[in-house]
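This report covers two positions in one protein chain and their surroundings. The sequence and structure come next.

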Amino acid sequence: DIFPPIITRNSGLKVNEKGHGCITAEMLAAIDEHQKTLDLAFSIVLPPSLGYLEHKHTKTLPLNTFLMSDLKAGEVCYIHSSLTSNPLDSFTFNVSDGRNSVLQTFYINISSVYNSLPIVKLSPLKIKEGEEKVITEFEIDIFDKDTQDQDVIIKVLKPPQHGILKNANTSVSQVFSLYDIKHGRISYFHDGSESVNDSFTLIVSDGINKEYIFVSNNLKNVTSRNPV
């Protein structure tokens with residue numbers, strides 16, 4: 001036997017920051033002409049730098065060797081543990097049939113998770129009695145650097161007392177998104193009553209972080225339709 005094993009799969013692994021994932025035979029596999037495939041031995045030459053490998057059941061640390069049978073059973077796992085935001089980790093290994101070996105590198109793609117809270121800035125909305133006015137980014141400005149606008153969800157916890165919030169598609173809006181605000185879909189309609197200010201409470205969530213609650217008093221300076 002003069003030929004080393006042949007690596008047939010080496011597609012890499014994807015995990016989230018501070019997450020983990022197990023490497024299966026669909027991601028990493030090898031065969032050999034003279035050795036039973038499940039008995040092929042993998043040895044770690046250069047371990048990962050942003051996390052570590054462990055056996056799913058024995059929790060052996062550090063995991064320096066494993067078999068093809070471990071990969072087939074999904075028992076070789078990578079745990080991300082670094083505080084840095086590097087999106088790529090790897091380990092170098094060789095796979096041997098007992099006499100010959102081959103060297104390769106396995107890559108781990110690390111996806112960042114949503115970890116910043118939405119930043120909210122409010123400005124008063126001036127409106128006349130009985131008037132409807134679109135709420136824009138000038139009145140409710142929300143910034144979330146790692147979340148798409150359509151995924152920043154705004155829920156009405158306490159509605160306004162002297163008017164209603166409207167959506168372009170519904171008469172009364174209880175849930176909408178930052179995308180809706182940026183596209184002019186959300187408006188406030190004053191009920192025409194003798195009132196000088198109004199307010200409502202919103203909950204802003206990016207789907208990952210704990211919901212961020214703030215009270216909006218931006219519906220102020222409600223003036224008479226025909227002020228004297």
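## Val45

Val45 has a relative accessible area of 48% and is therefore partly exposed (buried is under 20%, exposed over 50%, partly exposed in between, with a 1.4 Å probe and protein chains only). The model is predicted: local features need pLDDT of at least 70, side-chain atom pairs count only at pLDDT 80 or more, and totals for chains, interfaces and linings use all residues. Residues are numbered from 1 along each chain as its sequence is written, and side-chain values use heavy atoms, leaving out hydrogens and water.

Val45 belongs to strand S5, residues 41–46 (strands are DSSP runs of E, at least two residues, numbered from the N terminus). Beyond four places in sequence, Val45 is in contact with Thr92, Phe93, Asn94 and Leu103 (heavy atoms within 4.5 Å). The C-alpha atoms of Val45 and Thr65 are separated by 9.6 Å, at 20 residues apart along the chain.

## Asp89

Asp89 lies in strand S9, residues 88–96. Asp89 is buried without a salt bridge, and Lys18, the nearest side chain of opposite charge, is 11 Å away. Lys and Arg count as positive, Asp and Glu as negative, with His and the chain ends not counted; a salt bridge needs a side-chain nitrogen of Lys or Arg within 4 Å of a carboxyl oxygen of Asp or Glu.

The side chain of Asp89 places a polar atom 3.4 Å from the backbone nitrogen of Gly51. Residues touching Asp89, beyond four places in sequence, include Pro48, Tyr78, Phe106 and Ile110.

Terms used
Helix = DSSP H or I, 4+ residues; strand = E, 2+ residues; numbered from the N terminus. Polar contact = N/O pair within 3.5 Å; in protein donor to acceptor, adjacent residues only side chain to side chain.
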